[in-house]
Amino acid sequence: MNILVINCGSSSLKFQVINSETEALLAKGLCERIGIDGSVITYENKVTNAGKEVNEIPMPDHNKAVSLVLEALTNEKTGVLKSLDEIGAVGHRIVHGGEKFTSSAVITDEVIEAIKDVSDLAPLHNPANLEGVLSIEEVLPGVKQVAVFDTSFHQTIPARN
């Protein structure tokens, strides 16, 4: 199964595609300056090692960035996927899960609401993280999405530390 991993920041989106059976990195890239003039997408097909492609293209929001990522991954000449059907799951780095999440969670409507509820604790990150989740939900309906929380790691640190 191929897993798309996304990390949406306030004005960026990092991504990777990993084959979960072999753990091979198939592709990776970065969308920079989302919502700012001079937006750039960098894409690397790690299967062919053809080098980095860098394209300046307007990205008014994370929705457009997700769209460009999916286009790059399925590009007839340079993509690593023949179709989006080859994506079996999507993992999202979410900065703040509050006290509710002590480990990763399958994304449901309730999880989305819980992330929104603590967005004031990470105002530059959680809203962007959620944009990525909602964008994927729109273009890949039915594909399992998982949230991996930075704060769940911190909850495992012994109190004395």
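This report walks through the strands, cores, aromatic pairs and cysteines of a predicted model.

## Ground rules

Local features are described where pLDDT is at least 70 and side-chain atom pairs where it is 80 or more, while totals for chains, interfaces and linings use all residues of this predicted model. Residues are numbered from 1 along each chain as its sequence is written, and side-chain values use heavy atoms, with hydrogens and water left out.

## The sheet

Let's start with the strands. Helices (H or I, at least four residues) and strands (E, at least two) are DSSP runs, numbered from the N terminus. Two strands count as paired if DSSP finds at least two bridges between them. Strands of a sheet pair through backbone hydrogen bonds, either parallel or antiparallel. Here, 8 strands make an open sheet with mixed pairing, in the order β5-β4-β3-β2-β1-β6-β8-β7. At its edges sit β5 (52–56) and β7, each of which pairs on one side only. The β7 strand runs antiparallel to β8, with 2 bridges joining them, and A105 stands opposite A147 in β8.

Helix α3 (residues 126–139) packs on this sheet and touches β1 (2–8), β6 and β8. Touching, or contact, means heavy atoms within 4.5 Å. The direction of α3 makes about 170° with that of β6; such axes are lines fitted to C-alpha atoms, for helices over the stretch in contact, and the angles run from 0 to 180 degrees between N-to-C directions.

## Around β1 and β2

Strand β1 pairs with β2 in the antiparallel sense over 7 bridges, and a hairpin of 3 residues joins the two. On the other pairing, β1 runs parallel to β6, with 5 bridges between them. For L4, the bridge partner in β2 is V17. Strand β1 is mostly covered, with 5 of its 7 residues buried. Buried means under 20% relative accessible area, exposed means over 50%, and partly exposed lies in between (1.4 Å probe, protein chains only).

Q16 has K28 as its bridge partner in β3. The β2 and β3 strands form a hairpin with 5 residues between them, and E23 in the turn has a positive phi of about 65°.

## Two nonpolar cores

In soluble globular proteins, nonpolar side chains tend to be buried together. A nonpolar core is taken as a set of buried Ala, Val, Leu, Ile, Met, Phe, Trp, Tyr and Cys residues joined through side-chain atoms within 4.5 Å. The largest one has 27 residues, of which L4, L13, C31 and L73 touch the most other members. At least two residues come from each of β1, β2, β3 (25–32), β4, α1 (62–73), β6 and α3. Helix α1 gives the most to this core, with 7 residues.

A second, separate core holds 12 residues, including V111, I112, I115 and V133.

## Aromatic pairs

Rings of Phe, Tyr and Trp (its six-membered ring) pair if their centres lie within 6.5 Å; planes under 30 degrees apart count as stacked, over 60 as edge-to-face and the rest as tilted. The count comes to 2 aromatic pairs. F15 and Y43 are stacked because their ring centres are 6.4 Å apart and their planes lie at 15°. This pair links F15 in strand β2 (residues 12–19) with Y43 in strand β4 (residues 40–45), 28 residues apart. Both F15 and Y43 are buried.

F101 and F149 also form a stacked pair, 4.4 Å centre to centre with 10° between the planes. F101 lies in the loop between β6 (87–94) and β7 (105–106) and F149 in strand β8 (residues 144–149), so this pair ties together parts 48 residues apart in sequence. F101 and F149 are both buried.

## Cysteines and a buried asparagine

A disulfide is a covalent bond between the sulfur atoms of two cysteines, counted here when those sulfurs lie within 2.5 Å. The whole structure has 0 disulfides. The sulfur of C8 is 8.7 Å from the closest cysteine sulfur, in C31, which is too far for a bond. C8 is buried at a relative accessible area of 2%, and C31 is buried at 0%. Leaving out residues up to four places away in sequence, C31 touches S11, S12, L13, V40, I41, M59, A65 and V69.

N129 belongs to helix α3 and is buried, with a relative accessible area of 2%. Not counting residues up to four places away in sequence, N129 touches C8, R93, I94 and V95.
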